[in-house]
Amino acid sequence: MFGGRLRKHGCHEWSPHWILFLFFTGLLALASADEAYIGLPLGKLNTYANQVTGQVYAVDEYTLLIRDFFYDGLGQDTFFWAGSTVRPSNIGFIVPDEEGRTNRLQRYVNADVTLKLPDNRKLESIKWLAVWDLRENKNLADVYIPEGLEPPSPQMISEMSRNSHGVKSDGVMVMDSKTITILNLFYDGNDTDVFFSVGIGPQPTPHGTKIPDERGYLNALTPYTGKDVTLILRGKMTVDDIDWLSIYNFRTSENYGSTVIPDRLNIPPSLIHIIERESPLPNCEQLHRDLRMSWEIFGPAITFELSGQIGEDEYMAMGISGSETSSQMIGADVAVSYMDGLLGTTADYNISGKFPCTNVLGRNAGVCSDDKVGGVPNGYQIHTYVRNEGITTITFRRNLLNTEDSGDKVFKQEGDTYFVWAVGKYNSYKEPTYHRLVLRGDLKLNLGRKPGEKNCEPFIRPKTKSAAKSWGPLRIRDPQVTTFTVRVGVPGGMKGYSGITGHSSPGMAWYVNGLLSPELYLRRNRRYTFVIEGGNDPNNARFYHPFYITDDSHGGYAKYSEEERKNKKVYAGVEFDRRGRPHPSAAGRLCAWVHNTSHRYSVDDYPTYPKFRKSLKLQCSEGEPSILNWTPNASVPELLYYQSYAQRDMGWKIFIVDEIINAAPSSVPIYWTTSVVCVFIAFFYSKIRRTLS
């Protein structure tokens, strides 16, 4: 059978143009049924010089792939070259190489080269692609684009059937051989054990395969209210392997809504890179699309392998839940693994609060290593560690029973154990900070199950991955604003605090006049008032955040030793007693911006900061704010930071200037009314205090 794509129920339907093209040129090679779909074959490069060879495919309307491309690199001034003349000539344009550059071509040895036409040109606008030497005006190799070519493109199929639980959509788009987008999806989320499922056959069945949601989670679905949802099929699976996509309840065997995946769709091949990483350990569970755990019990010990598609500055953590009946972070006993340069590290941690380890009132609380809460420094022994192709893999071992640490939980050899896991960044002090990914729902595993049960898939990664664009920088740069209301709130992920500042978040951030960690512009020798509502109860370590101003970009003055404090200067918010001991002076009652719903949406759902802010609500405890008045004098540096006394990395920059230039319209006016209210509050409380005194 001729053609590049072999469907499970038949072959591709060719147009008359293609039949003539195949018959007269004979350029298409016989394809194996087991061969992965990489695009529509256009033929082999015609070789004229410099040993140029390769097979050319149309990937989509704008993209070509040269498979097994060979070029000796000895041309004088050689480029990928395309044009619309009858045959290759010097009338054409340079096609950037696989890295998007237009440099002279170097040597290639059997490489797969993906080329995107520049300036949004489409394949239908050209008649040939060549490897061309501009200096010698010489054609080294070429391939012709057949007339009437219909390159692969995303295809719209039917919408989801509306069976129950409010499932509906505006249609389903098959983007490529591994990617499906459900347009404007609705689902009420009012049931358990409901997943995206795919399978073969005329209709959805319990024998379908669960696939991760748009964020890579394999947990039961949460509500959708008119969102475009992009799903990537697991491992090596493609749309050739499935007949339907469903929102399916595996507990009741009920199909809430589904669509049929047609045959013979002329879609692009997937550009997702599949990374095979099979563990030598006999048991494996996929915790998330980007994280999996393998293990083996042998003798008195258990060996774990954590493998994750994570950043170079990220940790992966897993451990026994703090509850015996559900997956609960508080009280959990976890192993935190990461690469420290070229070395792998796994440390034993105890979780008593959802914030980095903090010493309050003489005791440590939060996510603390065992040695900081009276335990053995580390009960885990590292075996192997490696980072390759963006995958970090760390293998470590621990005794099952005798760990010499009364705080360690026991890994049971029989029955089920509830687990927790998380992925996030570690800060400059190698402390785990607020997670980027975390377990949703419950995870129950039988560690003593029969060896050989591997429920894991290869890792997948798009060849081009765009980073989330931050909402910042946010600024308050208004010469009329001299009062700032400072509160705590949720950090907003990579679009929020981390994206704005480049720092890891401890799970809370400062909000100033309603803006998330804005840059403040203050004028020298002008008096400013800060209305602080960061929490004044030291017993509540998560929400105890006295405010202070410093030259330290990380903050957390309470976390530093006496020696370390010598290099950190404080300008406001901290008082020192006769012995030089620091005491925070600006805390105030707690007011926090928190999520307005029990379902925590991804920050990707909010393209702008105002839309994110509208999803939050303000919760305040009883009490009064703390008022901090400060005048930056001539000796104050040009750059300072507002921070939390108790926790690192919550605030951002203060620019001290001689004259303030008005901000751009988008920086402050949205919250102008908030600023007016803040001025009134500050005036009101100041007047009361003067009266009482």
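Guide: Start at N137, in the loop between β10 (128-133) and β11 (138-144). Strands here are DSSP E runs of at least two residues, helices H or I runs of at least four, all numbered from the N terminus. This is a predicted model, with residues numbered from 1 along each chain as its sequence is written, and local features need pLDDT of at least 70. Side-chain atom pairs count only at pLDDT 80 or more, totals for chains, interfaces and linings use all residues, and side-chain values use heavy atoms, leaving out hydrogens and water.

N137 is partly exposed, at 43% relative accessible area. The scale is this: buried is under 20%, exposed is over 50%, partly exposed is in between, with a 1.4 Å probe and protein chains only. Beyond its neighbours within four places in sequence, N137 is in contact with N90 and W132; contact means heavy atoms within 4.5 Å. T78 is 59 residues away along the chain, yet 9.5 Å separates its C-alpha atom from that of N137.

Now the whole. The protein has 5 helices and 51 strands. Of its 693 residues, 53% count as buried. Among contacts with a separation of 6 or more, 67% join residues 24 or more positions apart.

Two strands pair if DSSP finds at least two bridges between them. Inside the order, β21 (residues 283-288) and β22 (residues 291-298) pair in the antiparallel sense over 5 bridges. N283 has W295 of β22 as its bridge partner.

H288 also lies in β21. H288 is buried, at 1% relative accessible area. A polar atom of the H288 side chain lies 3.4 Å from the backbone oxygen of G216. Not counting residues up to four places away in sequence, H288 touches R215, G216, Y217, W421 and L437.

Then the cores. A nonpolar core is a set of buried Ala, Val, Leu, Ile, Met, Phe, Trp, Tyr and Cys residues joined through side-chain atoms within 4.5 Å. The largest one has 47 residues, and F484, L520, L522, F530, F547 and W630 have the most contacts inside it. Strand β39 (residues 509-512) gives the most to this core, with 4 residues. A second, separate core has 42 residues, including M316, V336, V438 and L443.

Aromatic rings come next. The whole structure holds 30 aromatic pairs. Rings of Phe, Tyr and Trp (its six-membered ring) pair if their centres lie within 6.5 Å; planes under 30 degrees apart are stacked, over 60 edge-to-face, and the rest tilted. Y338 and Y426 form a tilted pair, 4.8 Å centre to centre with 40° between the planes. Y338 lies in β25 (residues 333-340) and Y426 in β32 (residues 417-426), so the pair ties together parts 88 residues apart in sequence. Y338 is buried at 10%, and Y426 counts as buried at 12%. The pair of F484 and Y528 is stacked, because their ring centres are 6.0 Å apart and their planes at 25°. F484 is in β38 (residues 483-489) and Y528 in β42 (residues 528-533), 44 residues apart. Both of these residues are buried. Ring pairs also link F484, W510, Y528, F530, F547 and Y642 into a cluster.

Last, the strand that carries Y426: β32. In β32, 9 of the 10 residues are buried, so the strand is largely enclosed by the rest of the structure. Take its partners in turn. β24 (residues 314-320) pairs with β32 in the antiparallel sense over 7 bridges. There, Y315 stands opposite G424. β34 (residues 443-445) is another antiparallel partner of β32, over 3 bridges. T417 stands opposite L445 of β34. β33 (residues 432-438) pairs with β32 in the antiparallel sense over 4 bridges. Y426 has P432 of β33 as its bridge partner. β32 and β33 form a hairpin with 5 residues between them, and K430 in the turn has a positive phi of about 60°.

How values were computed: Polar contact = N/O pair within 3.5 Å; in protein donor to acceptor, adjacent residues only side chain to side chain.
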